[in-house]
Amino acid sequence: VPEDEQYQSRYRQQERLWALMKEAARYFHAQLYAPVGAEGLAYAQRRGMPKGTLTKFGIGFAPNTWNGLCDAMRAKGYTDQELKDAGLVSEKNGRIYDRFRNRLMFPIIDTRGNIIGFGGRVMDDSTPKYLNSPETLIFNKRKNLFGLNLAKKSKLGYLILVEGYMDAIALHQYGFDCAVASLGTSLTEEHATLLSRYTEQVYLIYDADEAGQRAAQRAIPML
């Protein structure tokens with residue numbers, strides 16, 4: 001079988017991005033315990049997340065700087081183009097700067113254990129409250145679910161689908177290690193297909209407000 005050069009090149013690019021995202025997650029996790037991360041750590045503790053949970057989910061903190069992550073990743077040999085390809089930076093007037101600033105960071109991990117994106121919760125009143133990675137070569141929010149890398153190992157025999165990262169983490173803390181969350185989007189056909197690989201039974205636990213009820217009504221036929 002002839003070598004597919006295009007595939008090889010694409011896979012090498014993906015490997016570089018997976019490695020970069022892993023380094024970024026390590027950087028964010030370290031910042032959580034540094035003086036700059038004090039506010040993030042205090043927030044996590046207020047929300048009832050002990051150190052074991054922060055470690056298990058790899059939760060970190062993006063400092064309120066314009067280029068902390070950029071500089072740290074450049075020092076590890078990653079290019080500005082790779083930072084853009086990974087969705088870790090934004091660009092304005094030809095200059096790049098950190099996409100995530102002053103946010104509690106939740107790594108999004110695929111079922112093979114690769115970090116493919118991040119969700120960040122802001123510490124002040126700025127918007128959006130949650131900011132996700134953009135679509136990239138390795139990240140598609142319609143095809144991935146937060147927490148599925150852990151929930152797929154559950155022995156409970158079913159999966160619980162919730163709307164937010166914090167909901168999923170809270171359930172894991174209380175023994176429901178089968179909880180997953182959609183990534184800032186309502187349930188998609190791709191999500192339903194992904195869930196069906198791991199279980200025949202899904203419980204929906206959405207917000208009780210009107211929007212949550214509408215989301216549940218849309219999700220049920222797909223499942």
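Strands here are DSSP runs of E with at least two residues, helices are runs of H or I with at least four residues, and both are numbered from the N terminus. Two strands count as paired if DSSP finds at least two bridges between them. Please keep in mind that this is a predicted model, in which local features need pLDDT of at least 70 and side-chain atom pairs count only at pLDDT 80 or more, while totals for chains, interfaces and linings use all residues. Residues are numbered from 1 along each chain as its sequence is written, and side-chain values use heavy atoms, with hydrogens and water left out.

On to the next strand. β5 is also joined to β6 (residues 130-132), by 3 bridges, and this pair too runs antiparallel. Here glycine 119 has asparagine 132 of β6 as its bridge partner, and arginine 121 stands opposite tyrosine 130.

Taken together, 4 strands form an open antiparallel sheet in the order β1-β4-β5-β6. β1 and β6 stand at the edges with a single partner strand each, so one side of each has no neighbour in the sheet. From one strand to the next, the twist averages 35 degrees.

How many residues of β5 are buried? The count is 8 of 8, so to speak a mostly covered strand; buried means under 20% relative accessible area, exposed over 50%, and partly exposed in between, using a 1.4 Å probe and protein chains only.

Now for the helices. α1 lies across β1, β4 and β5, at about 30 degrees to β5, whereas α7 (residues 165-173) lies across β4, β5 and β6, at about 75 degrees to β4. Axes are lines fitted to C-alpha atoms, for helices over the stretch in contact, with angles from 0 to 180 degrees between N-to-C directions.

Helix α2 (residues 38-46) has Gly40, Leu41, Tyr43 and Ala44 as its buried residues. Down the helix axis they fall within an arc of 160 degrees, so they line one face; the arc is taken from the directions from the axis to the C-beta atoms.

How values were computed:
Contact = heavy atoms within 4.5 Å.
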